[in-house]
Every structure is written in C-alpha cells, then in structure tokens.
Amino acid sequence: MYKIPRTPRRQMALSLQLIADEFDNLLWSFDMESRNQARFFCFRVFTPGEIPEQDVLYVLREEDDFPCDLYPYLSIGSQPGLAEHICLHDRDFLEAVNELSRIFQRFRDFEAELNWILNHGGSLNDLCAAATAYLQNPVYIHDNVFAILALPCHVEGMLELDYNQDTGKYFIPLWLVEDFKFSEGYRDTLRQTRAAIWGTNHYPYHMRSLYVNIRDADYYRARLLVNELHVPLQPGDSLLVEYLAEYVLMILRRDDMSADQSQRDLIGTMRDLLTVGEADRRDLRVLLTALGWRERGRFMLVKLRSQSPEHAVTSSNVLRNSLSSTFVGTFLFFHERQLCMVVDMEAARLDQSFLRSKLAPFLRDSLMYAGLSLPVESILHLNTAYVQASYAVDLAARLRSHQWCMAFEDCALDYLLSHVETPTPLPLYLSSIPRFLRQYDQEHGSQYCPTLKCFLQNERSIPKTAAALIIHRTTLLYRLEKIAALTKLDLESESVRLYLLLSFHLSEEV
C-alpha cells in the first residue's frame, strides 16, 4: 500500500475580524479598528512591565499601561490607540477571557482537523466536510473544466449539477458553462487572487457565494466555493477560505505525487518518444508490455488545451480518468502542461472520424481545443505525431472558431508552406505569373489573376469556377483565352498547375 508522504504541520493565525465575527454572533457590543493585517497565533493577558511580542493578541484591563500605538490588543472598556484593536463594552474581564479562549480553541481544533486530513491521506471531500461543519454553509470544489472534485453534501438551494453516467462524475451544468464562456464578469472572477464574493447579481440563483481560486504557480487549477444558504457569510470567512485554498493545493499536489511509480516510469518513456523519437529499449519493452501494444501499428496523438487563456490543463485527473474510461487502448499523461493522449488505433478499434466524434462531447463540456496528428506506423514516430498535434491545436486556439477539434490533415498545407526554407529570398523561387497578372490587372482594370487562381483551385472546372467568381461562362472562357495569350501557360501539365498554386499560396504569405 502506498504510504502518503507526510506534510509538515501548518499553523493558521486568527485575525481581529475572525474574532469580531464571533463577538457579533454573541451580540456583544464593541468597537474595532482593524486593517486586517495583524495575525495572532495565541492571546495573552498583559502583565505590566512585560515586553510585548509579535503575533500575540494582548488582553488589557482599562487601567493597563500598554503601548497601544504599536501592538494589537483587545481591551475591556475603551483603550484608544493607533494599533489594530477591539474594545469590548459592558463585559466582565473574566467573561471576555473565557470567550476568547473558546474562540481560539475552536479555531485550533479546526486547524488540527485540517492537518490530520492533510497528513493522513484525507481527501478533498474530507476537507470540504470539515469546512462545511465549521462555516455552517455548504463548501465544494470544482476544477478548471468544471468537474466537481469535492461535494460532501448537496442541500436545497444549491446549483443542480449534471451527472455523467459514463464517468460517474458530477459537472457544473453545460448551459451555465456556455454562459460563463462569453461572460466578461466570469472572466473577471478568474483574475481574482484573493477570496471574493460571487454576488446575487450573478445567475443562476439569488444566492451569494464566497469563492477563492486555487492556483498552482500562475496556473488556475480549481475553485473553492462556500454557498450562503444556512448562515450569513461573515467578513472573516474570506481569510478562512484562503487558508482552505492552501490546503486544497497541498492535497492536489500530494495526490499528484502519490501516483504509482511504475506509471511515472511509463510516462517518462512516453515523453522520451515524444521529444526525441527514441527510448531505452528495455524501457520501451516495459511500456509496450504494460499497454499490450506492438512497436509497429497505427498510432495517433491527440493534444488538448483549454479554450480560456486563464485555464491551463495541468493536472486534471477527473478529465484524464474520464477520457481513459471512454477511450480504451489509450495512454494519457501531461506533458509541457498539456494533456496528451496516445491512441493505438488497432487496440482501440477506432478510426479517425469515430475518434473525433467521440471526443467532441468532452471538448464541449470541458471548453477545450484538441489537435489530432496523422496516423503513424510505429511508436518510434510519435515525435512526428506530437509536432503535428501541437501545430493543429495551436492553430485551433489562434483561430478561436467553432472548430474545436483540428486534425493535422486540415492544416497540413499551411504547415508545409510555413516551413519552406530557401537560401535566398523566397519570392525569387516562385512563379512570376501571379506577380505579372496582378500588375497587369492594376494597369488594365482586369481580373485575370484571381480568375486563374480560382480556376486552379476548382480543378479547371468551368461551371464551378464561374459560379465561384459569379460570372457568366462566356466571360470566364474569354478571360482564360486572354490569360493563355498573355502567359503562354501549359495548364495541361500537372506540375505546372501545382507550381502555380503553391506560388499563389506562398506569394500571399511573403
């Protein structure tokens, strides 16, 4: 059994606002001066003559001589000062100390529970259950593709989720995800680096939520939300959910690290195949044996990336597991912060068109683009497949069209033309005919250059070319006669036609 690596115990600190929220719940009267900067790991009754320490909240009597301009404090009665403070009114000193002790103890118990979850293999669901009990409002987490990572309870008033029977996972409803895709307000929430309120002016329900984005370095991985359904959200809750976000990220990283070592070895071999097109023969044999593949066959590579720049497909295990369960005979892993899927077409019994059709719902639900390589005949050619899939998915992202799934064959000509290299300037290698006809058209007001290009693109079909140019057949025949007289072209030659078409394409690029 895998032993969860132990994480150092974390210690959280209270703010004056968290303490004030507890006093508010008791309906106690107080004044507060807080810039929400001071944090306290403990409190202490001030003893005259002692030197105050940082990270300690001092409890004062009215008569205490305390440097109130320098250190945060809680006083019984008014005790004006420039430092952050709370002044309680009409409360007995012992009563205040006892209540403060209860607040700190409750907070420490919560902290201890979170650390136990973190260090004893607890899940995100366990974390959300503990937070739900402490905050008395439902807490849940979804990832960057809107799949639910943790939902310990679903109560009336919460968003109704979609359930995928194939994967056994819950998702944010597709209709809402589609609205988020075009919502500038939602995109603004992705830029938040601190806890914030999702207000009642946002749909779908008149319900406020407190949320915090979970980021791993600069990459958005998930979001933690607290729905305001049972008790009102309090100002200090923002600090609590920011603490929770740190635990969520640590559990996500811990789960990433706890993947089986043999799986990591297979991924390492596959990455070698993608980057250099070869791998240690022993490692390759282990990979093929583990997957039940042969070295030669028909392999395709699919590369996926998010449609939103704020989202990165870094380690969405939910998405990976969903694809794995749907596409048998595939191997999925993360490479260069993108999700790659290597498909043995023979083992999966898939052809390219069927693969695209089965992939489409995942792209729609997860708001992702996919690039598909051409089939290659050996697993040692996966580096070529990776280049093709990368080019296709990058082009799909640049175009930002409704073609979410781009196959390399759809853009192979663009790729080949963009990689033409010549020792001297490229225009010197192109046919002079397009340039000559453009110049002639400018001087005589004719349309011979676009006519010739359209004629070649329509494979010399008179009806198709006339329809494309919206001209009469007689007009087209007249133009073609004039072009032949001006250029002396032999359009019966396949090589001449191909050279002309490539020259038209490349002359537009330079």
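Contact here means heavy atoms within 4.5 Å of each other. The structure is a predicted model, in which local features need pLDDT of at least 70 and side-chain atom pairs count only at pLDDT 80 or more, while totals for chains, interfaces and linings use all residues. Residues are numbered from 1 along each chain as its sequence is written, and side-chain values use heavy atoms, with hydrogens and water left out.

Take Leu287 to begin with. This residue sits in helix 8 (residues 281–291); helices (H or I, at least four residues) and strands (E, at least two) are DSSP runs, numbered from the N terminus. With a relative accessible area of 0%, Leu287 is buried (buried is under 20% relative accessible area, exposed over 50%, partly exposed in between, with a 1.4 Å probe and protein chains only). Setting aside neighbours within four places in sequence, Leu287 touches Leu266, Thr269, Met270, Leu273 and Ile379. Arg356 is 69 residues away from Leu287 in sequence and 26 Å away in space, C-alpha to C-alpha.

His335 belongs to strand 14 (residues 330–335). Its relative accessibility is 8%, so His335 counts as buried. Beyond its neighbours within four places in sequence, His335 has contacts with Arg271, Leu274, Thr275, Cys340 and Tyr386.

Next comes a pair of helices. The axes of helix 15 (residues 448–457) and helix 17 (residues 473–487) come within 10 Å and cross at roughly 100°; axes are lines fitted to C-alpha atoms, for helices over the stretch in contact, and angles run from 0 to 180 degrees between N-to-C directions. Helix 15 and helix 17 are therefore roughly perpendicular (65 to 115 degrees; under 35 is roughly parallel, over 145 roughly antiparallel and the rest oblique). Helix 15 brings Tyr448, Thr451, Leu452 and Phe455 to the contact, and helix 17 brings Leu476, Tyr478, Arg479, Leu480, Lys482, Ile483 and Leu486. Sorted by class, that makes 8 nonpolar, 1 polar and 2 charged residues (Ala, Val, Leu, Ile, Met, Phe, Trp, Tyr, Cys and Pro count as nonpolar, Asp, Glu, Lys and Arg as charged, and the others, Gly among them, as polar).

As for the whole protein, its secondary structure comes to 18 helices and 18 strands. Of its 510 residues, 49% count as buried. Among contacts between residues at least 6 apart in sequence, 59% join residues at least 24 apart. Along the principal axes, the C-alpha atoms fill a box of roughly 110 × 60 × 50 Å.
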